[in-house]
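Take a look at the sequence and the 3D structure below. We'll go through a handful of spots together, one at a time.

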Amino acid sequence: MNFILKQGPFLHSKNNKFNIELTLLITLIPFVIYKISSNLINNLLLFIIILVSSLLTSIFIDYIKGNKIKIENYMDDIIYILIVSFIIPENISYLFIFLINILISIIRKYIKFLNYPIVIGIISFGFLDIFNKSIILSNFNLYIFIIISIITILVLIINKSFKFRIALAFILLVTIGGFLKQDFGTNFMFLIFNSIYIIASFKLTPNNAFIQILYGLILGVVAIFLPIFYFYISIILISLIFIYVDKNYSYYLALKKGI
Amino acid sequence: MVRGTKIINNKNISLNKSINKIEMPDYVYIPLVTYNNKKCKFLGKIGNYVYKGEKLATSNDKYDLGVYSSVSGFIRGIEKRIFIDNTLVDTIIIENDFKEREKAKKGAKKKINNYTKEEVITLLKNCGVIGMSGTGFPTYFKYGMDLKIKKLIINAVEGEPYMTADFSVLNSYTSEILEAIDALIEIFKIEEAIIVLKNYNQKAISDLKEYMGSYTKIKVKTVKDIYPIGYEKSLIKALFNINIKTNPIEKGILVNNISTIYDIYKVLKYQKPITERIMTISGEGIKKPQNVLVKEGVLISEIIKQIGGYKFKKGLLVVNGPMIGKTLETDNVAVTKQVFGIVFLKDVKCKIEDCINCGKCVNICPVRISPIEIMKNKKNPSKLKKLKPEKCIKCGLCSYICPSNINLKEEVIESIRVGGD
Ligand code: SF4
Ligand code: SF4
């Protein structure tokens, strides 16, 4: 008999990194299909350009570095591709998006900190103002968008694939803001999409449940009152502040006696 | 709210099967250690004859616990052998004469509720009754703390995956357990006793309720099927929504494992030391998973041979369940009363990845420490001091939940060592 010595525990949750990324990826597909179908030729072309420029750059860099080329190593890239494909303005130049994606992919490969959708999302959203966001989701039907979003949120909550407390707190405030301003147009849809894949994503967000709720609420308030471009910029600052607060909250919880 | 989550439990494979008695072997191996791995002083002589239940050694600490022979026979020697924690400890080897001779035979008591408090405490001490959930904490110490016991909680939650020993004890000895609880209520003037089970345990709940009419001070309560709700402080919080900061007994709450209560019954009834226990032998690597009644000092290899053997040749032999247990490098190890189960599992390789900052370990930790922050600050003593890794109860939930397969539990344990240096 061969008894292996190993450190426990010897059971693991099935909800591993690959499953989380796969869930995110699958839930993005309806959004992207909807986006492509709203302006088939142009958006399909944009999607292919983003896919090719990002994925090939990533694979090429791994090839040069001698890294193994395995599908699970590119989940992050595919999620990025799908997010950008959804949020990209339709009137953007093909060459520009091709080049900028190669550049971003190179940066993401070498600066680990940027290797997540959040920062990329913020950068991409930054372009929205420059490239006139009003035409991006103008063909979208609010109700279809809401149905896709609700299903997505439920799937992500069940599969524990995002920080649902942040998303729900943010969506609550943004919805209240929508009622107050009587605006459920492009901005609203962007913010909802944003809350799912960027604001509530794992990277650069607080970990303690209570701080997550606060973070979602504060970002919600900011989203209501700031113009969208400044809102995206403020995400970075607010997230950094909250990561600091989150750490101190961990000290506070640890110091409390009992459970 | 009590923290925890539903985990894979794999209990079905050994559940609802009758308890199989393991045949006595030619030799038993009694380690000279007690609670907290405290070394004991050997009281006998090599070559001497010992009776079943005879005290062989004593711990030289404040608990003053004994080590008892589980068979009658001759002491053949003391040698260093691998203990259940993989360390080498002095172990008494007794050659079994299969006569089960006892020094002084006492008949069974008709009524077990006419002892005094002091008599019960002395009996629990002299008969080596310990916490059967793996801790091995001396039970007499809890009852002897000179504080009023208002509530007695009987923990039948059995959170460890694969483990069904407590469940089978409850199923097989329901009336004995209720009799023991009733006696404790009367002797210690306890206000109420609560048997706590997980809410899926319907059969045991209905069995217990059948008896309830005659025991007015005993209640049955259920808790959610989450892990580690069986942890004493979590259980109390789930039941009464109070946050216990020190020892529960200071709030008048005493928690005993259900198998410990069964041992208390045997001690009150027969006044003999506890030298055997019911444990679960399970896992996908065991041909016939089941619960067995086994004497202290029997080798794991012997137990597994008697119940049909292993299914495969290479795997993880884990003592006390896959969440809190440890692997052994051999099955040539004797079981003790602290062993509530053994599992043999496949060695599933998990790729360890970088932390994705999902926060799951932070929000799941039952004692509210931050495993990921502790891991990141392992080399920063001032931050580590604030993060309190020493609060960790080693439940393993952080490692279980981590999507990146980081063994956070070990990181936290390691940081306690580093912090202590
Ligand atoms: S840090 Fe300790 S107590 Fe907290 S979940 Fe991990 S093993 Fe359990
Ligand atoms: S559970 Fe694992 S991946 Fe998630 S924050 Fe903790 S260490 Fe990081």
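## A quick tour

Let's begin with chain A, which has 10 helices and one strand. Keep in mind that this is a predicted model. If you walk along chain A from the N terminus, the order of elements is β-α-α-α-α-α-α-α-α-α-α. The chain has 259 residues, and 54% of them count as buried. Now take the contacts in chain A between residues at least 6 apart in sequence: 82% of these join residues at least 24 apart.

| Element | Residues | Buried residues |
|---|---|---|
| α4(B) | 174-188, 15 residues | B:Thr174, B:Ile177, B:Leu178, B:Ala180, B:Ile181, B:Ala183, B:Leu184, B:Ile185, B:Ile187 and B:Phe188 |
| β2(B) | 27-31, five residues | four of its five residues |

Helix α4 of chain B reaches 21 Å from its first C-alpha to its last, close to the 21 Å expected at 1.5 Å a residue. An α-helix has 3.6 residues a turn, so residues three or four places apart point the same way. Look for that spacing among the buried residues of α4(B), including B:Thr174, B:Ile177 and B:Ile181.

What does strand β2 of chain B pair with? Its partner is strand β9 (residues 88-96) of chain B; the two run in the antiparallel sense and pair over five bridges. Across from B:Tyr27 you'll find B:Glu95, which sits in β9(B). β2(B) is also mostly covered.

Next, zoom in on B:Asn405, in the loop between α12 (397-401) and α13 (408-420) of chain B. Is B:Asn405 buried or exposed? B:Asn405 counts as buried because its relative accessibility is 12%, and the cut-off for buried is under 20%. A polar atom of the B:Asn405 side chain lies 3.1 Å from the backbone oxygen of B:Lys351. Setting aside neighbours within four places in sequence, B:Asn405 is in contact with A:His12, B:Cys350, B:Lys351 and B:Ile352.

Finally, check out ligand 2. The residues around ligand 2 include B:Cys355, B:Cys358, B:Cys361 and B:Cys402. Also among them are B:Pro403, B:Ser404 and B:Ile406. Sorted by class, the shell around ligand 2 has nine nonpolar residues, three polar ones and no charged ones.

Notes: Residues numbered from 1 in each chain as written. Chains lettered and ligands numbered in written order. Predicted model: local features only at pLDDT ≥ 70, side-chain atom pairs only at ≥ 80, totals over all residues. Heavy atoms only, no water. Expected span 1.5 Å × (residues − 1). Buried < 20%, exposed > 50% of the residue type's maximum accessible area, 1.4 Å probe, protein only. Polar contact = N/O pair within 3.5 Å; in protein donor to acceptor, adjacent residues only side chain to side chain. Contact = heavy atoms within 4.5 Å. Near = heavy atom within 4 Å. Nonpolar A, V, L, I, M, F, W, Y, C, P; charged D, E, K, R; others polar. Pairing = 2+ DSSP bridges.
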